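I am opening a notebook on a structure that is new to me, and I will write down what I looked up in the order in which I looked. The sequence and the model come before the entries.

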Amino acid sequence: MSERVAVIGAGNWGTALANLLAKKGNQVVLWSFEPDVADAINREHQNSRYLRGIPLDPTLRATTKLADAVAGANWIVSVSPAQHVRRVLIEAAPSMIRDAVIVSASKGIEIATLESMDVVLTEVTPVHLAPPAFLSGPSFALEVAREQPTAVTVASRDADSAQRAQQLFQASYFRVYTSDDVIGVELGGALKNVIAVAAGMVAGLGLGHNTLAALITRGLAEIARLGVALGASPLTFMGLAGMGDLILTCTGDLSRNRTVGVELGKGRKLADILAGMEMVAEGVGTARAAHALAQKHGIEMPIVDQVHAVLFEDVPASEAVANLMLREPKPEQWQ
């Protein structure tokens, strides 16, 4: 059955998801902040700014009017950068119809409040909506758009919302698993971006596979420690939204967060790196939020601490590596 879907955010991930849903026969409207992006999607069926070289389904329609995108939609897929989700959804909320389902595909933690997207949605969306769902997992937008086999997780506290979202997104090349661990799925998707910045530094410094393997493993331990402290299941971090997404983002050249880290490892300044990027590297903002969350809850997260130091305290990447290696020896443990 065809669904009426609004996708909020026309970056590469929002466009890839909108295209997937349109190709399945749904009525999809994609909201774009940039008029030229919306115009190119409607006229040329291309998003050459964010998803170059991918032909878009001719039924996919774009608009710059948020209310028009959301009005009448049974599904609202939120793909705005995490630091903009609150503002955008406040504007969209009056146009949301009863029992619509929001699927959050934004990966990050709000810096000002240290809140997950789950909490932000609860605070700013109408009470007459169905329970929301949260989509995460190892999924570079370009590879999804090229229909390369991909597996992700959709989490909700409501089994019906999770299963309906699963059916909405499931495709021959896009396999969707369900979960009831919203906290774990959200934190895995957000925090892996911070570790990916560190992984980029490893590459930028010219370090090898030993270093990267240690970083990924100990990074996963840090993510799990904070997640369990906040109520997540430790098993979630062994799955697609945890280990799967972490491996992808730390090793894949398409990772914006890893790219930031590579340039930091080469000695470039953060402001210069970000000035040359078209899209948002969520790990930069999330590093600030994760660092504050760890301090608030008394959780030891040394990799996050050192990424924060490089990003915001002018500590050289090489010094951050030394700081990690020279820490007091201790038993290996997850918690």
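Is helix α14 (residues 302-312) largely enclosed by the rest of the structure or largely open, and why? I kept in mind that the model is a predicted one, and I found that α14 is largely enclosed because nine of its eleven residues are buried. I listed the buried ones as P302, I303, V304, Q306, V307, H308, A309, V310 and L311. When I looked up what covers them, I found among the elements α8 (182-204), α9 (209-229) and α11 (256-265), together with α12 (270-275), α13 (282-297) and α15 (317-325). Just after α14, I noted D314, which has a positive phi of about 60 degrees.

Next entry, on the nonpolar cores. I looked up the largest of them and found 43 residues, with L215, L264 and V307 having the most contacts inside it. At least two residues of this core come from each of α8, α9, α10 (240-251), α11, α12, α13, α14 and α15, and α8 gives the largest share, eleven residues. I then followed L215 and, leaving aside neighbours within four places in sequence, found it in contact with I195, A198, A199, V202 and I303. I also recorded a second, separate core of 42 residues, which includes A38, L56, A171 and V176. As a general remark, nonpolar side chains tend to be buried together in soluble globular proteins.

Next entry, on the strands around β2. I looked up strand β2 (residues 27-31) and saw that it is mostly covered, since four of its five residues are buried. Strand β1 (residues 4-8) pairs with β2 in the parallel sense over five bridges, and in this pairing I found L30 of β2 as the bridge partner of V7. I then turned to strand β3 (residues 61-63), which runs parallel to β2 and is joined to it by three bridges, with W31 standing opposite T63. I noted another right-handed β-α-β unit here, made by β2, helix α2 (residues 35-44) and β3.

Last entry, on a proline in a loop. Is P94 buried or exposed? I found P94 in the loop between α4 (85-92) and β5 (101-104), and it counts as exposed because its relative accessible area is 68%, where the cut-off for exposed is over 50%. I also looked up P126, which is 32 residues away from P94 in sequence and 7.9 Å away in space, C-alpha to C-alpha.

Conventions
Residues are numbered from 1 along each chain as its sequence is written. This is a predicted model: local features need pLDDT of at least 70, side-chain atom pairs count only at pLDDT 80 or more; totals for chains, interfaces and linings use all residues. Side-chain values use heavy atoms; hydrogens and water are left out. Buried means under 20% relative accessible area, exposed over 50%, partly exposed in between (1.4 Å probe, protein chains only). Two strands pair if DSSP finds at least two bridges between them. A crossover is right-handed if, with the strands pointing away from the viewer, the path from the first strand over the helix to the second runs clockwise. Contact means heavy atoms within 4.5 Å. A nonpolar core is a set of buried Ala, Val, Leu, Ile, Met, Phe, Trp, Tyr and Cys residues joined through side-chain atoms within 4.5 Å.
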